Amino acid sequence: NAIVWVSVAAIVMGSLLALAQRNLFRMLAYIVIAEVGYMVGGFFLGNRMGITGSTLHIINDAAMTLCLFLAAGAITFRTKSDAFKDLKGIFQQMPFTMTAFAVGALAVIGVPPTCGFFSKWYLITGGFHAGHYGFAAALVFSSLVNAVLFFRIFEIAYFDQAGDDKDHHHHHKHHKHKAKMVEAPVSMLVPLMITAISLIVLGLYTGDIV
């Protein structure tokens, strides 16, 4: 029981600290801390649902975080920065990378049919079966925080235009830059796309994996 509560603390603090970050890699690193809280807590619930959810989440989380870090790596490779303020207009510039990033984000939030939904479902069910409502609540809380985190990034990446806050001298240059696609090299895109697709495949084949 004590370890489940420690996991709850890791999930809540990991989520809140992720919320405080202003650059991509640090935000993802704190999300990973919360995700490890899912796995440890689920295992120590000590019931079939919790342990199934934990084991499944080890596989799913490896794929989800791989997808997000590969995407973040591609973004940083092109923009030379992982600060949120430098993600303006990145959806137009790197549509494939950002689509894969969006799939990874939806998986971490826990949207079906991505794999993240299914392991979360097992973990939350395990929490209820164990009568550990704090753990179930922490998972729901963390999912809501993840939704806020990623939609904040989508808002910057999709709706904010590159060069909005630049002075007029640079405006013309940025306007040109914004329209141009500067996608990551194929050697980075291929593993990223395969990983993003795997998040949906893992979700659809959850029954077989379990």
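Gly89 is located in the loop that connects α3 and α4; helices here are DSSP runs (H or I, at least four residues), numbered from the N terminus. Gly89 is buried, at a relative accessible area of 0%. In this classification buried means under 20% relative accessible area, exposed over 50% and partly exposed in between (1.4 Å probe, protein chains only). From Gly89 to Leu19 the sequence separation is 70 residues, and the C-alpha to C-alpha distance is 21 Å.

The model is predicted: local features need pLDDT of at least 70 and side-chain atom pairs count only at pLDDT 80 or more, while totals for chains, interfaces and linings use all residues. Residues are numbered from 1 along each chain as its sequence is written, and side-chain values use heavy atoms, with hydrogens and water left out.

The loop between α3 and α4 also contains Lys80. Lys80 has a positive phi of about 60° although it is not a glycine. A further backbone feature is the cis peptide bond from Pro112 to Pro113, with omega near 5°; Pro113 belongs to the loop between α5 and α6. Most residues other than glycine have a negative phi, and most peptide bonds are trans.

The structure holds one salt bridge, a term that denotes a side-chain nitrogen of Lys or Arg within 4 Å of a carboxyl oxygen of Asp or Glu. The bridge joins the side chains of Lys85 and Asp86, with an N to O distance of 3.8 Å. Accessibilities of selected residues are tabulated below.

| Residue | Relative accessible area | Class |
|---|---|---|
| Lys80 | 67% | exposed |
| Lys85 | 58% | exposed |
| Asp86 | 33% | partly exposed |
| Ile197 | 54% | exposed |
| Asn60 | 1% | buried |

Asn60 lies in helix α3. Leaving out residues up to four places away in sequence, Asn60 touches Cys115, Gly116, Ser119 and Leu202, where contact means heavy atoms within 4.5 Å. Asn60 and Ala102 are 42 residues apart along the chain, and their C-alpha atoms are separated by 16 Å.

The largest nonpolar core has 43 residues, of which Leu24, Met27, Ile31, Phe101, Phe150 and Leu199 touch the most other members. Such a core is a set of buried Ala, Val, Leu, Ile, Met, Phe, Trp, Tyr and Cys residues joined through side-chain atoms within 4.5 Å. Two or more residues each come from α2 (24-44), α3 (48-79), α4 (90-93), α5 (95-109), α7 (133-159) and α9 (186-204). The most come from α5, with nine residues. Beyond its neighbours within four places in sequence, Ile31 is in contact with Ala18, Val108, Asn146, Leu149 and Phe150. Another core lies apart, with nine residues, including Val8, Tyr38, Leu45 and Leu123.

The buried residues of α9 are Leu189, Leu192, Thr195, Ala196, Leu199, Leu202 and Gly203. Their cover includes α3, α5, α6 (115-129) and α10 (206-209).

Helix α9 gives the most to the nonpolar patch, with four residues.
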